[in-house]
Amino acid sequence: MVRALICLELILNSINLNLVTFSDLFDSCQLKGDIFAIFVIALAAAEAAIRLSILSSIHRNRKSTCINQPNLLNN
């Protein structure tokens, strides 16, 4: 599960890189891409806090965080 969460963070970071790059390339006078990148960073921080709380709750209740267990979130 931790690998999946890290992969999600890498995807969000690549989105930020694309936003800033294309914003600078196509419209260097305005900061639309930079503002969206800051917004995505803020969303990623909030998402990371929620993910870690869910992950710690699952680990506390089930003593496992393995994604391969399909009945992990049942009950």
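User: Is Leu 10 buried or exposed?
Analyst: In this predicted model, Leu 10 sits in helix α1, which covers residues 2-26. Exposed means over 50% relative accessible area. Leu 10 has a relative accessible area of 54%, so Leu 10 is exposed.

User: Which residues form a nonpolar patch on the surface with Leu 10?
Analyst: The patch has about 290 Å² of accessible area in total. Besides Leu 10, its members are Val 2 and Ile 6.

User: Which residue meets Glu 9 in a salt bridge?
Analyst: Side chains of opposite charge can pair when their charged atoms come close. Glu 9 lies in helix α1 and its partner in helix α2 (residues 32-62), so the pair ties together parts 42 residues apart in sequence. The N to O distance is 2.4 Å, and the partner is Arg 51.

User: Where does Glu 47 lie relative to Arg 51 in helix α2?
Analyst: Glu 47 and Arg 51 form a salt bridge, with their closest N and O atoms 3.6 Å apart. The two residues are 4 apart in helix α2, so their separation is about one helical turn.

User: Is Arg 51 buried or exposed?
Analyst: Arg 51 belongs to a salt-bridge network with Glu 9 and Glu 47. Glu 9 is partly exposed at 22% relative accessible area, and Glu 47 is partly exposed at 27%. The cut-off for buried is under 20%. Arg 51 has 14%, so Arg 51 is buried.

User: What percentage of the residues of the chain count as buried?
Analyst: The chain has 2 helices and 0 strands. Of its 75 residues, the share that counts as buried is 17%.

Methods
Residues are numbered from 1 along each chain as its sequence is written. This is a predicted model: local features need pLDDT of at least 70, side-chain atom pairs count only at pLDDT 80 or more; totals for chains, interfaces and linings use all residues. Side-chain values use heavy atoms; hydrogens and water are left out. Buried means under 20% relative accessible area, exposed over 50%, partly exposed in between (1.4 Å probe, protein chains only). Patches are made of residues with over 30% relative accessible area and no salt bridge: like charges are joined within 9 Å, nonpolar side chains (Val, Leu, Ile, Met, Phe, Trp, Tyr) within 5 Å. Accessible areas come from the Shrake-Rupley method with a 1.4 Å probe; for residues, only the protein chains shown count as cover. A salt bridge is a side-chain nitrogen of Lys or Arg within 4 Å of a carboxyl oxygen of Asp or Glu.
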